[in-house]
Amino acid sequence: MEVDKLLFTDRLYESSKEIWEKSYQHPFVQGIGNGTLDEDKFIYYMQQDYVYLIDYVKLFAIGVQKSHNLETMERFAHLLHEHLHFEMELHRQYAAEFGITRKELEQTEPAPVNLAYTRYMLNVAHNGTLAELIAALLPCAWHYAETGKWLKEQYEDRLEHNPYRKWVETYSSEQFGALGEWLIELLNELTNGKPERELATLEKHFLITSKYEYLFWDMNYHKQDWDI
């Protein structure tokens, strides 16, 4: 009987499952799902997430440079344009609903975890292969989509009066999930037939940024900043 071949991203999912489960159970994530998160913590998150996105968008530009064919270049260029001109505007509009101005967003200084996370991804992207770039940025796209779907399943009957309903609806949507699905497909193509030493490096990047995803929730929950 023929056994289905395990995809590389299946391996990544299994190796990161415990980290992701801890993220789902984090009080910040649970607070978004059940609507009990303190608004000041969510505002802090919106500001930190905005400056995170500025660096995240740069990864798509590097993806254009690292791409091996025109089709992949076009897709990364499209993602760059969409995020820079539309996704970030939607973020500004949503932040305005919580009284956060564009000036306040753009004057936000990244907290230590935020800075470490984005600099890690940018370092991998600049110095590594396209597969390494994708492995480092994939937890953000994939984990956010999984978090949105998980919260919607858990709290669907309580979303109507949840002040963070729009967040849950956005990140559980098929439209948002499409980015992660494309990156998963591309990473599986790039890793097909690659030696274990290269796969191990990619897995390391994926696990590190999965841990940063957890730390990002924790940073926002405690409103961590520079202590000096």
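Which residues lie nearest the centre of the largest pocket? Of the 34 residues that line it, these are E87, L90, T170, Y171 and F176. The model is predicted, so local features need pLDDT of at least 70 and side-chain atom pairs count only at pLDDT 80 or more, while totals for chains, interfaces and linings use all residues. Residues are numbered from 1 along each chain as its sequence is written, and side-chain values use heavy atoms, with hydrogens and water left out.

The protein chain contains 10 helices and zero strands (DSSP runs numbered from the N terminus, H or I of at least four residues for helices and E of at least two for strands). Its radius of gyration, taken over C-alpha atoms, is 18 Å, close to the 17 Å that the globule rule (2.2 Å times the number of residues to the power 0.38) gives for 228 residues, so the chain is as compact as a globular protein of that length. Along the principal axes, the C-alpha atoms fill a box of roughly 50 × 40 × 35 Å.

The largest pocket holds about 800 Å³ of space. A pocket is an open set of points on a 1 Å grid over the protein atoms alone, where a 1.4 Å probe fits, with protein on both sides within 12 Å along at least five of seven lines; lining residues have an atom within 4 Å of a point. The volume is the space filled by probe spheres set on the points, which are joined across faces, edges and corners. Helices that each supply at least two lining residues include α3 (39-66), α7 (130-155) and α10 (196-221). The largest share, 11 residues, comes from α4.

The axes of α3 and α10 come within 8 Å and cross at roughly 135 degrees, the axes being lines fitted to C-alpha atoms over the stretch in contact, with angles from 0 to 180 degrees between N-to-C directions. The two helices are therefore oblique to each other, a class left after under 35 (roughly parallel), over 145 (roughly antiparallel) and 65 to 115 degrees (roughly perpendicular). In their contact (heavy atoms within 4.5 Å), residues including Y44 and Y52 of α3 meet residues including W217 and Y221 of α10.
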